[in-house]
Amino acid sequence: METVFTWTARLVVTLAVCANALFAQAQAQEPAKPAGDCPEMVEAKAMLEAQEKRLKDWPDLARYRDANASVAAPAKNEQRVVFMGDSITDAWVQPRFGAFFPGKPYIGRGISGQTTPQMLLRFRADVIALQPKVVVILAGTNDLAGNTGPIALEETEGNLASMAELARANGVRAVLSSVLPVSNYGHDRDGNPLDVRIKRPPEKILELNAWIRKYAAVNDHVFLDYFSAMVDEHGLLKKELSEDGLHPNAAGYAVMAPLAEKAIQSALRERPASSYLFHPPVPVATQTEQEQMSELYGLYYPDPNFNEPGRGESGLVISEDGKPIPPKENDPDAPTLPGLHVNGRHFKFAWTRLTLQGFAFRTVITEGREYSFEVKFGREQADVIPDVPYLAGVFTEKRNSQVVQQKKIKFGHTVVL
């Protein structure tokens, strides 16, 4: 991001250029134009004013200040929803993209070009103060592009987590959206080709989306998967859904709208997050052995993930009675059958050993492939919940009786509040 000082220097250079032009006009005995008519100086002054405004209000709190002040408190039983995001959310309300959820008490709070640190700073004013039941967060693509300077993926993830935590602490259900794919199919307003992948590498989008999906599952937020519905066979944003390879067109928003509505309805059906604060879980130290054992059953996600991109869910399901576990309402693709799930394929247990100290298993050989794992249980804080179990140990994969990989993996338990 260029600073005011950079633009001041540019303005000085531009003034010099304009002065030279005026001098040349005088030498040629031509009528001199007023200095303010110099196109370069007009452009430089406009950019300087924009940069000065940005420094004075970096998160752009002023953008919706008046609009927020005019929003009345929600009516009784009103299912208010706020959409927080960048230009994709900002443009959604424009008439040329179709009606923005007609008849629904949904409020758009997107700002073009914004990154997650800017959104985090305005989250209280533009989301919490409006008292919604649900917030739909779509953010991260501009972080990858470095719109406000270099930022590590872990920092982007932390900002998304902080917004979700703020929402939960204030009784708002969070819907975390996947970042949209991008492409090199688009063009700018002058018809020149655009390759959006240069600033937003598809592999980084996949990595961020994998984290969002896992974080939502582990922390019982709703995951909204725009990506899978909008990506083509090349891993790029479908050509018919965008004009520039980044922003959805009317057809793109037509794909997104029902997905968002479904996620919102899923979030509204779940218990209000504020109620969690009044019923903290019983510490492990005071639980009976049977209570401790019951907490070990359920779905675990691997970290690092051994998924192949686009090949389906991976996870570990431990069941008390060998029957499927209840499906997660906020993640319908999550595995439910006992066993190991790799890239959407199910490997049944050949044998298992479960104690309070650890878990071991070996899967049935399927098409020459088998997996084994011997691990110990640990406990960690997950979001607002203490003492959440996890598994950590060495994961082994064999193909045709030959070991093809061994790696240390942590399986995090998905928390159901």
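**Exercise 1. Salt bridges**

Task: State how many salt bridges a search of the whole structure finds, then work through examples and say whether the partners are buried or exposed.

Solution. 
- Step 1. The search finds 16 salt bridges. The model is a predicted one.
- Step 2. Take arginine 80 and glutamate 78. Their side chains meet in a salt bridge at 2.9 Å, N to O. Both arginine 80 and glutamate 78 are buried.
- Step 3. Take arginine 197 and aspartate 195. Here the N to O distance is 2.8 Å. Buried means under 20% relative accessible area, and exposed means over 50%. Arginine 197 has 29%, so it is partly exposed. Aspartate 195 has 30%, so it too counts as partly exposed.
- Step 4. Take arginine 369 and glutamate 397. Their side chains meet in a salt bridge at 4.0 Å, N to O. This pair links distant parts of the chain, 28 residues apart. Arginine 369 sits in strand S12 (residues 369-382), glutamate 397 in strand S13 (residues 385-399). Both residues are buried. Shared partners join Arg369, Glu397 and Arg399 into one network of salt bridges.

**Exercise 2. The open sheet**

Task: Give the strand order of the five-stranded open sheet, and explain why one side of S2 and of S5 is left without a neighbour.

Solution. 
- Step 1. The order is S2-S1-S3-S4-S5, with parallel pairing.
- Step 2. Strand S2 (106-110) and strand S5 (222-224) stand at the edges. Each has a single partner strand, so one side of each lacks a neighbour in the sheet.
- Step 3. From one strand to the next, the twist averages 20°.
- Step 4. Look at S1 and S3. Five bridges join these parallel strands. Valine 82 stands opposite valine 135 in S3.
- Step 5. H7 lies across S1, S3 and S4, at about 160° to S4. H8 also packs on the sheet, touching S4 and S5. The direction of H8 makes about 155° with that of S5.

Note on methods
Residues numbered from 1 in each chain as written. Predicted model: local features only at pLDDT ≥ 70, side-chain atom pairs only at ≥ 80, totals over all residues. Heavy atoms only, no water. Pairing = 2+ DSSP bridges. Helix = DSSP H or I, 4+ residues; strand = E, 2+ residues; numbered from the N terminus. Axes fitted to C-alpha atoms, helices over the stretch in contact; angles between N-to-C directions. Contact = heavy atoms within 4.5 Å. Buried < 20%, exposed > 50% of the residue type's maximum accessible area, 1.4 Å probe, protein only.
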